[in-house]
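Hi,

Here is the structure I promised to pass on. Have a look below, and my notes follow.

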Amino acid sequence: METISEILARAQARARESNLPYEGALTPAEAFAIMTLAPGAKLVDVRTRAEWDWIGKIPGTVQIEWSTYPSGQPNPNFIAEIKQQIDSESLTMFICRSGGRSHAAAALATEAGYRSSYNVLEGFQGDKDAAGHRDSIGGWRKAGLPWVQS
């Protein structure tokens, strides 16, 4: 099994190569390994309540909507909610459906002083396939990682 340092070094290299505004970019499998190896690390699921309820959740995550459901408006309390639930010194990973909202969340968290912010590439469901469906190209669920459905 890889060490936390090896995983984070690879994620940090990805961030440097892509000039990302946060500490690093993890694959779903790497994020799960970090959750397993570093109990103080936090995975923040920034999808909507509807996505958590209807599509599924990752056990052990902190759930903070990036945009509210059903309006789709940005969550005006996003950073305040993070500050209530997560220490700014914690390794903090962000995940959404496919990586876009979590990218923005990791960038905003970094600006707010969460220097160890990481985006989870591919997200929970990955990209759409040729038929327009998710869960077949990348993502947490496709990787066979733990999740539950209501």
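First, a working definition: a polar contact here is a pair of N or O atoms within 3.5 Å, and within protein one of them must be able to donate a hydrogen and the other to accept it. Keep in mind that this is a predicted model.

With that cut-off in hand, take Ser 102. Its side chain reaches the backbone oxygen of Gly 99 at 3.3 Å. Ser 102 itself sits in helix 5, which spans residues 100-111. Buried or exposed, this Ser 102? It counts as buried, because its relative accessibility is 0%. Leaving aside residues up to four places away in sequence, Ser 102 touches Val 46, Phe 94, Ile 95, Cys 96, Asn 119 and Val 120.

Now the whole chain. There are five helices and five strands, and from the N terminus they run α-β-α-β-α-β-α-β-α-β. The radius of gyration is 14 Å, which agrees with the value near 15 Å that a compact globule of 150 residues would have. Along the principal axes, the C-alpha atoms fill a box of roughly 35 × 35 × 30 Å.

Of the contacts with a separation of 6 or more, 58% are between residues 24 or more positions apart.

As for the surface, the accessible area comes to about 7400 Å², and 50% of that belongs to carbon and sulfur atoms.

Cheers

Definitions and conventions
Residues numbered from 1 in each chain as written. Predicted model: local features only at pLDDT ≥ 70, side-chain atom pairs only at ≥ 80, totals over all residues. Heavy atoms only, no water. Helix = DSSP H or I, 4+ residues; strand = E, 2+ residues; numbered from the N terminus. Rg over C-alpha atoms; globule rule 2.2 N^0.38 Å. Contact = heavy atoms within 4.5 Å. Areas by Shrake-Rupley, 256 points an atom, 1.4 Å probe, with all protein chains shown as cover. Buried < 20%, exposed > 50% of the residue type's maximum accessible area, 1.4 Å probe, protein only.
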